[in-house]
Amino acid sequence: MGSPNGDLDISPRDVVILKVRVEYPTVSTRELSDVLETEYGIDLSHNRINEILRGLSESGAFRETILPDQEMFRHYLFRIAFHYPNFADAWESCYWDLREDPHVLMFFNADSRYHWHLITQFRSDDQMGRWVHDFFKEHGDLIEQFHNTMLHNVHKFQTDAAMFDDILVETEEGRSYLEEHYGVVRDAGSTPDE
């Protein structure tokens, strides 16, 4: 099953396996095998599940990430608007510096005046301030505007397993797995109780 953008080709069965791994991140593959058979009617050995998960990881379908407790760091949202006269000469260096910076937790484009958004983490406001100062010294000619917001409490930062239902509902095979699990086929974007 390809994504709407055609990026990855993952079978509905493998989407279910990924969904169950996300839902039960710490259980053994033997236990995953039991859940898959009981809840979705998928009968695979734990060795085969390991192979499939390894293949999905190698294909880029998911990445295993360790997220430290949010109390260890302060998080900030940085938004960057470009000074376009300098864009062609300056964007690439800035881009790679941000991609490689250990303080950058997430870096993405957005549809707004601020095209680059970053979620960053620092130990203190002072450390963040020094980083911003150094960033402007190095890349200030690219920046038209810079907006900084401290994220005081990160209440949720995870992908819930139910999000994979939106992929599964796209194919007949996927809908059959959903019906096995929920007893009815759900529409994309609905919650299990709807």
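Helices α2 and α3 are roughly perpendicular to each other, a label for angles of 65 to 115 degrees. Select residues 29-40 for α2 and residues 46-59 for α3: they pack at an angle of about 100°, with axes 8 Å apart. Axes are lines fitted to C-alpha atoms, for helices over the stretch in contact, and angles run from 0 to 180 degrees between N-to-C directions. Helices (H or I, at least four residues) and strands (E, at least two) are DSSP runs, numbered from the N terminus.

This is a predicted model: local features need pLDDT of at least 70, side-chain atom pairs count only at pLDDT 80 or more, and totals for chains, interfaces and linings use all residues. Residues are numbered from 1 along each chain as its sequence is written, and side-chain values use heavy atoms, without hydrogens and water.

Now the sheet. Four strands form an open sheet, ordered β2-β3-β1-β4, with antiparallel pairing. Strands pair if DSSP finds at least two bridges between them. Select β2 (104-109) and β4 (143-151): these stand at the edges, each with a single partner strand, so one side of each has no neighbour in the sheet. On average, neighbouring strands are turned by 15° against each other, direction ignored.

Next, select β1 (residues 74-82). β1 pairs with β4 in the antiparallel sense over eight bridges. Pick L77; its bridge partner in β4 is T149.

Select α4 (residues 87-100), which lies across β1, β2 and β3 (116-122) and runs at about 35° to β3. Then select α5 (residues 125-139), which lies across β1, β3 and β4 and runs at about 170° to β4. Contact means heavy atoms within 4.5 Å.

Key: Parallel < 35°, antiparallel > 145°, perpendicular 65-115°, else oblique.
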